[in-house]
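Student: Hi! Could you walk me through this model, starting with how the helices pack?

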Amino acid sequence: KTLIVAVRTVVWSVSNVKGQSVVRGMQEHECLITAKLLKHGLKCFSIYSSDDAGAAKEEKEILDLFAGVFTVLDERTFKDVFTLNLTILFQHLLTKESCIAIPQHFLSNQSVTRAFTDILLTFLVARIKDLSNSDKHEGQVVLSLFKIIFIGISTYPDNENVLRGHVRGIVIACLKHAMQEKRPTSYYLLLKTFFRSVANGKFELLQKEFIQLLKNLLDSLCKLLSAAQEEDTKELLVELCLSVPARLNFLLPHIPLLMKPLVQALNGSPEMVHLGLKKLESWVESLQPAYLDPLLQSVKDDLMPALYKQL
C-alpha cells in the first residue's frame with residue numbers, strides 16, 4: 001500500500017512537470033515506462049488468493065489504489081497508455097475476476113471516465129462476437145464490462161456523447177451475430193441492458209441514434225422472435241420489441257409490427273404481462289381510435305382471450 005501511494009506521487013510529479021514545454025504530460029519514453037508499470041503491476045496481484053475471503057477486502061483496496069496511480073495522468077498520456085495496453089488488462093480480467101475493480105474505478109472517476117469509456121467501448125465493440133462464448137468466461141467478462149459502462153452513463157451524463165458514437169455499432173453487431181449463432185442469448189441480454197439504460201435516463205442524443213435504426217431494428221427483432229423456439233428466448237425478444245428506447249411519435253409507423261409481440265407479452269410471465277398492459281395502456285391513451293382500432297382488430301382473436309385471463 002505504501003509503495004503504491006509513493007508510485008502515484010512519482011507518476012503525478014512526472015506527468016505535471018512541464019520543463020521546456022508548456023504542454024502538460026509525459027514524453028514518449030515516460031509513457032512506455034508507465035505502460036510497463038501497468039503490465040507488471042497487474043502481475044503482482046497474483047499473490048492474492050481467490051479462496052481467502054479475509055484478503056478480498058484488502059485486495060479491493062489495493063486494486064483501487066493501483067488504479068488511482070493512472071487517474072493522475074493527463075488525458076493524452078492516459079489514452080496512449082490504455083489504448084495500446086487494454087488487451088493486457090482484459091487478459092487479467094479473464095484470469096482474475098477481482099481485477100474488474102480497475103475498470104470500475106476508471107469509469108467512476110470524473111477525471112478519466114470519459115476517456116476510458118471511449119477506449120473501452122471501442123475495444124468491446126470489436127469483441128462483441130466473443131459474446132457467443134457466453135458459457136465461457138470471456139463472453140461473461142465482455143458482457144459485464146458493457147453493463148458497467150451503461151451504469152456509468154447514468155452517473156456521468158457527459159459520457160452520453162461518447163456512447164452515442166457506438167450505438168449503431170453495438171445494435172447492428174448484436175443483431176448480426178444473433179442471426180448467425182445457435183445460442184444468441186447473450187446478445188439479447190446486452191441489448192436488454194442497453195435499452196433499459198437509455199430508457200431510464202433522459203438521454204436525448206442516444207434516443208436520436210435509435211430513431212435512425214428503428215425500422216431495421218424492429219424488423220430484425222420480429223424475425224428473430226418468429227424463429228425462436230425456446231420460451232426464455234421468446235420472452236427476451238418480446239421484451240426487446242416492446243422496450244426499444246424511442247418516443248411514441250417515432251414508433252408510430254412501426255406499431256403494426258408490435259401487435260403480435262404485445263399479444264405474446266400478455267400471454268407470458270407476470271413481468272411480461274405488466275409490460276404488455278403498460279404498453280397497451282400507453283397506446284390507448286395517446287393514439288387516435290381511428291388509427292389504433294384497426295390494429296387491435298387485426299389481433300382481436302388472440303388479444304381478447306389474453307386480456308380476459310387478466311381479469
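**Helix packing and buried residues**

Tutor: Happy to! This is a predicted model. Let's begin with helix 12 (residues 231-242) and helix 14 (residues 255-266), which pack with their axes 9 Å apart and at an angle of about 130°. That angle makes helix 12 oblique to helix 14.

Student: What is the handedness of the crossing of helix 12 and helix 14?

Tutor: The crossing of helix 12 and helix 14 is left-handed. On the helix 12 side, the contact is made by Val238, Cys241 and Leu242. Helix 14 contributes Leu258, Pro261, Leu262, Gln264 and Ala265.

Student: And how many of the residues in that contact of helix 12 with helix 14 are nonpolar, polar or charged?

Tutor: By class, the contact of helix 12 with helix 14 has seven nonpolar residues, one polar residue and no charged residues.

Student: Staying with helix 12, which of its residues are buried?

Tutor: Thr233, Leu236, Leu237, Val238, Glu239, Leu240, Cys241 and Leu242 are the buried residues of helix 12.

Student: What do those buried residues of helix 12 pack against?

Tutor: They pack against helix 10 (185-200), helix 11, helix 14 and helix 15 (270-286).

Student: How far apart are the end C-alpha atoms of helix 12, and what should its residues span?

Tutor: The end C-alpha atoms of helix 12 are 17 Å apart. At 1.5 Å a residue, its 12 residues should span 16 Å, so the two values agree.

Student: Nice. Now another pair: at what angle do helix 9 and helix 11 pack?

Tutor: Helix 9 (residues 167-180) and helix 11 (residues 204-227) pack at an angle of about 5°, and their axes are 10 Å apart. Therefore helix 9 is roughly parallel to helix 11.

Student: Which residues of helix 9 and helix 11 meet?

Tutor: From helix 9, Val167, Arg168, Val171, Ile172, Leu175, Ala178 and Met179 take part. They meet Leu206, Glu209, Phe210, Gln212, Leu213, Leu217, Ser220, Leu221 and Leu224 in helix 11. By class, the contact of helix 9 with helix 11 has 12 nonpolar, two polar and two charged residues.

Student: Let's switch to single residues. Is Thr71 buried or exposed?

Tutor: Thr71, found in helix 3 (residues 53-71), has a relative accessible area of 9%, so it is buried. Not counting residues up to four places away in sequence, Thr71 touches Arg8, His105, Phe106, Asn109, Ser111 and Val112.

Student: What about Leu292, and which residues does Leu292 touch?

Tutor: Leu292 lies in helix 16 (residues 289-298) and counts as buried, at 3% relative accessibility. Not counting residues up to four places away in sequence, Leu292 touches Trp283, Val284 and Leu287.

Student: Zooming out, how many helices and strands does the chain have?

Tutor: The chain has 17 helices and zero strands. Its C-alpha trace spans about 75 × 45 × 35 Å along its principal axes, and buried residues make up 47% of the 311 residues.

Student: And what share of contacts between residues at least 6 apart in sequence join residues at least 24 apart?

Tutor: Among those contacts in the chain, the share is 72%.

Key. Residues are numbered from 1 along each chain as its sequence is written. This is a predicted model: local features need pLDDT of at least 70, side-chain atom pairs count only at pLDDT 80 or more; totals for chains, interfaces and linings use all residues. Side-chain values use heavy atoms; hydrogens and water are left out. Axes are lines fitted to C-alpha atoms, for helices over the stretch in contact, and angles run from 0 to 180 degrees between N-to-C directions. Helices (H or I, at least four residues) and strands (E, at least two) are DSSP runs, numbered from the N terminus. Angles under 35 degrees count as roughly parallel, over 145 as roughly antiparallel, 65 to 115 as roughly perpendicular and the rest as oblique. A crossing is left-handed if the near helix is turned anticlockwise from the far one by less than a right angle, and right-handed if clockwise. Contact means heavy atoms within 4.5 Å. Ala, Val, Leu, Ile, Met, Phe, Trp, Tyr, Cys and Pro count as nonpolar, Asp, Glu, Lys and Arg as charged, and the others, Gly among them, as polar. The expected span of a helix is 1.5 Å times one less than its number of residues. Buried means under 20% relative accessible area, exposed over 50%, partly exposed in between (1.4 Å probe, protein chains only).
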